[in-house]
Amino acid sequence: MRYRLTFVVGVAVGYVFGTRAGREKYEQLRERARKFAENPAVRNAYESATHNGREMAGKALNTVSDRMGDRVPGPVSDRVRMLRGRRVEQRTPFDDGWGTGNA
């Protein structure tokens, strides 16, 4: 019984220290990711890629629509048109809200 109690106490202490260390490491990684995402070069590349992706989706829709006629499902064309008209948000993929209570 004494060995079981010692083992359980050891597991509990290890869990507490491990979760604290893990949380600190997570916060460090999150802060680095936030700083990386705030870099102007990274932000410009992100916005450029988003803009180019939307343009290409619009061109693809036009090409497919021209070749297939009215056979493109309405929801597909509506979704692409919506994405083309949407503005680039100021949030980055690293603004996850984890650990802050915000989502």
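**Salt bridges and helix packing**

In the predicted model, Arg 34 and Glu 38 lie four residues apart in helix H1, and are therefore separated by about one helical turn. The side chains of these two residues meet in a salt bridge, with a distance of 2.6 Å from N to O, and Glu 38, at 45% relative accessibility, counts as partly exposed. Elsewhere, salt bridges that share partners join Arg 23, Glu 27 and Arg 30 into one network.

Arg 34 also meets Glu 31 through its side chain, in a salt bridge of 2.3 Å from N to O. Arg 34 and Glu 31 are three residues apart in helix H1, so that about one helical turn separates them. Both ends of this pair count as partly exposed, given that the relative accessibility is 31% for Arg 34 and 32% for Glu 31.

Within the network that joins Arg 23, Glu 27 and Arg 30, the side chains of Glu 27 and Arg 30 form a salt bridge of 3.8 Å from N to O, a value that falls within the 4 Å cut-off applied to such pairs. Glu 27 and Arg 30 both belong to helix H1 and are three residues apart, which corresponds to about one turn of the helix. Glu 27 is partly exposed at 29% relative accessibility, and Arg 30 is likewise partly exposed, with a relative accessible area of 24%. A search of the whole structure returns four salt bridges. In general terms, side chains of opposite charge can pair when their charged atoms come close.

With regard to the fold, the secondary structure of the protein chain consists of three helices and zero strands, and its elements run α-α-α from the N terminus on. Helix H1 spans residues 2-38 and helix H2 residues 40-68, and the two pack at an angle of about 70°, with their axes 5 Å apart; H1 and H2 are therefore roughly perpendicular to each other, as angles of 65 to 115 degrees are counted in that class. In this contact, Phe 36, Ala 37 and Glu 38 of H1 meet Pro 40, Val 42 and Arg 43 of H2, and the residues involved divide into four nonpolar, no polar and two charged.

For the protein chain as a whole, 10% of the 103 residues count as buried. The accessible surface comes to about 8,600 Å², 60% of which belongs to carbon and sulfur atoms. Among the contacts with a separation of 6 or more, 65% are accounted for by residues 24 or more positions apart.

Technical notes:
Residues numbered from 1 in each chain as written. Predicted model: local features only at pLDDT ≥ 70, side-chain atom pairs only at ≥ 80, totals over all residues. Heavy atoms only, no water. Axes fitted to C-alpha atoms, helices over the stretch in contact; angles between N-to-C directions. Parallel < 35°, antiparallel > 145°, perpendicular 65-115°, else oblique. Contact = heavy atoms within 4.5 Å. Nonpolar A, V, L, I, M, F, W, Y, C, P; charged D, E, K, R; others polar. Buried < 20%, exposed > 50% of the residue type's maximum accessible area, 1.4 Å probe, protein only. Areas by Shrake-Rupley, 256 points an atom, 1.4 Å probe, with all protein chains shown as cover.
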